[in-house]
Amino acid sequence: MRYGTPLGVADIAGPSMRRLLSDGDRVLVRYGAPLRPGAIALFRHPLQQDLLVVKRAAGRRPGGWWMLSDNPLVRTDSREYGAVPDELVLGRVLLRLAPRPAWLAPGRRVERALRGRAPWFAERLGVSVPFDGEL
């Protein structure tokens with residue numbers, strides 16, 4: 001992380017990220033951080049830009065990032081509003097601060113080492129894939 005990178009705190013509301021984040025959790029966000037597929041991102045809703053949203057960045061698409069909920073029962077994500085333009089992506093969620101602190105943004109090497117080997121531990125660190133919906 002570069003010195004002087006702005007950090008902020010966001011509160012989670014709703015069930016869309018349930019598995020990893022729950023309603024009422026508080027997270028630390030690194031504003032301006034680059035995303036990669038699998039990262040948890042904070043962005044402005046494309047159709048209602050005063051609303052801030054936390055979703056998993058599934059991958060790049062024409063027009064921006066494809067964002068998906070971790071909860072397969074919630075479909076208010078890119079399947080509803082399409083790709084999220086880069087200018088609406090505010091940052092990457094680094095960790096859950098409360099109620100149970102947990103690191104949510106492991107480095108690339110850690111992600112590769114954990115993926116497929118220790119899924120329960122990988123998910124605890126935020127290394128998980130969105131459910132197999134339409135990507």
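This is a predicted model: local features need pLDDT of at least 70, side-chain atom pairs count only at pLDDT 80 or more; totals for chains, interfaces and linings use all residues.
Me: Why is arginine 19 called partly exposed?
Reply: The relative accessibility of arginine 19 is 42%, and since partly exposed lies in between the cut-offs of under 20% for buried and over 50% for exposed, arginine 19 therefore counts as partly exposed.

Me: Where is arginine 19 found, and what is its phi?
Reply: Arginine 19 is found in the loop between strand 1 (7–11) and strand 2 (26–31), and its phi is positive, at about 140°, although arginine 19 is not a glycine.

Me: What kind of peptide bond joins alanine 98 and proline 99, and where is the place of proline 99?
Reply: The bond that joins alanine 98 and proline 99 is a cis peptide bond, with omega at about 5°, and proline 99 has its place in the loop between strand 6 (89–98) and strand 7 (102–103).

Me: What is the volume of the largest pocket, and which residues are the closest to its centre?
Reply: The largest pocket has a volume of about 360 Å³, and of the 20 residues that line it, Ala13, Ser16, Leu52, Val53 and Val54 are the closest to its centre.

Me: Which elements give two or more residues to the lining of the largest pocket?
Reply: Strand 1, strand 4 (52–61) and helix 1 (78–81) each give two or more residues to that lining, and the largest share, 4 residues, comes from strand 4.

Me: How many residues of each class are in the lining of the largest pocket?
Reply: By class, the lining of the largest pocket has 12 nonpolar residues, together with 5 polar and 3 charged residues.

Note on methods: Residues are numbered from 1 along each chain as its sequence is written. Side-chain values use heavy atoms; hydrogens and water are left out. Buried means under 20% relative accessible area, exposed over 50%, partly exposed in between (1.4 Å probe, protein chains only). On a 1 Å grid over the protein atoms alone, a cavity is a set of points where a 1.4 Å probe fits but cannot get out, and a pocket is an open set with protein on both sides within 12 Å along at least five of seven lines; lining residues have an atom within 4 Å of a point. Grid points are joined across faces, edges and corners, and a volume is the space filled by probe spheres set on the points. Ala, Val, Leu, Ile, Met, Phe, Trp, Tyr, Cys and Pro count as nonpolar, Asp, Glu, Lys and Arg as charged, and the others, Gly among them, as polar.
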